[in-house]
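Thanks for coming. I will take the overall picture, and then a few residues one at a time.

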Amino acid sequence: MKINGNAIRPGNIIEHQGRLWRCVRISHTQPGKGGAYTQAELKDIRDGTKLNERFRSSETVERATLEQRDFQYLFSDGDMHTFMDNENYEQIAVHTDLIGEDMIPFLQEGMQVVIESHENSPIGVSLPEKVVCEVVEADAVVKGQTASSSYKPAVLDNGVRILVPPHISTGTRVVVATIDSSYVERAKD
């Protein structure tokens with residue numbers, strides 16, 4: 001699907017110079033002389049190289065169509081992570097680079113994920129926004145530190161260190177945002 005150069009948004013996948021690029025950041029510029037343009041920071045999906053490119057509103061770029069399918073996480077073997085298609089039960093192995101090093105600890109057996117693919121080749125894995133983890137180590141509450149903005153360090157069952165409110169203790173199950181490893185709330189189970 002063709003889109004105007006000024007319609008590119010962060011997160012869009014475009015085909016440019018024969019490669020697939022994910023738009024990371026954009027800025028619109030309207031110089032005093034000449035026409036307006038969009039300065040886009042692009043990251044190659046395959047090898048991670050970056051490119052800064054200008055797109056004028058008169059130019060068109062090809063927006064890549066991605067197929068999104070639901071998969072279930074099965075297991076990991078080193079840097080390869082195996083998922084099963086929920087429709088036809090086929091298994092695929094995905095490298096850590098496609099998931100993201102910081103997301104790997106949040107993979108849980110049986111977790112439902114969305115895998116994006118382009119021409120039957122996986123290019124990205126999206127985990128759920130929130131996961132439930134157990135606190136295995138939490139510092140004791142410091143007396144007098146009862147302000148609502150005070151947090152203490154804690155370690156989750158997957159080894160990730162986060163900051164939690166003072167009332168959270170060891171053994172408590174908490175909801176964590178996968179995007180930035182931040183505490184959301186105490187689990188309701």
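**Overall picture**

The protein has one helix and 16 strands; helices (H or I, at least four residues) and strands (E, at least two) are DSSP runs, numbered from the N terminus. Its radius of gyration is 21 Å, well over the 16 Å that the globule rule gives for 189 residues, so the protein is more spread out than a compact globule. That radius is taken over C-alpha atoms, and the globule rule is 2.2 Å times the number of residues to the power 0.38.

Before going on, a word on what this is. We are looking at a predicted model, in which local features need pLDDT of at least 70 and side-chain atom pairs count only at pLDDT 80 or more, while totals for chains, interfaces and linings use all residues. Residues are numbered from 1 along each chain as its sequence is written, and side-chain values use heavy atoms, with hydrogens and water left out.

Along the principal axes, the C-alpha atoms fill a box of roughly 65 × 50 × 25 Å. Of the 189 residues, 36% count as buried; buried means under 20% relative accessible area, exposed over 50%, and partly exposed in between, with a 1.4 Å probe and protein chains only. Take the contacts, meaning heavy atoms within 4.5 Å, with a separation of 6 or more: residues 24 or more positions apart account for 42% of them.

On charge, the protein has 20 positive and 28 negative charges, and their mean positions are 10 Å apart. Lys and Arg count as positive and Asp and Glu as negative, with His and the chain ends not counted. The place of a charge is NZ of Lys, CZ of Arg, CG of Asp or CD of Glu.

**R19 and D44**

Which side chains make polar contacts with the side chain of R19? One is D44, at 2.6 Å, and another is D47, at 3.5 Å. A polar contact is a pair of N or O atoms within 3.5 Å; within protein, one must be able to donate a hydrogen and the other to accept it, and residues adjacent in sequence count only if both atoms are side-chain atoms.

R19 sits in strand β3, residues 19-29, and is partly exposed, at 33% relative accessible area. D44 belongs to strand β4, residues 37-44, and is buried, at 5%. Neighbours within four places in sequence aside, R19 is in contact with I14, D44, D47 and T49. For D44 the corresponding list is R19, L20, W21 and T49.

**E116**

Next is strand β10, residues 112-118, where E116 is placed. Is E116 buried or exposed? It is buried, with a relative accessible area of 13%. The E116 side chain makes a polar contact of 2.9 Å with the side chain of Q68. Beyond four places in sequence, the contacts of E116 include R22, L66, E67 and Q68, and also S121, P122, I123 and G124.

**C133**

Last, C133, in strand β12, residues 130-138. C133 is buried, with a relative accessible area of 1%. Not counting residues up to four places away in sequence, C133 touches F106, Q108, L156, D157, N158, T172, R173 and V174.
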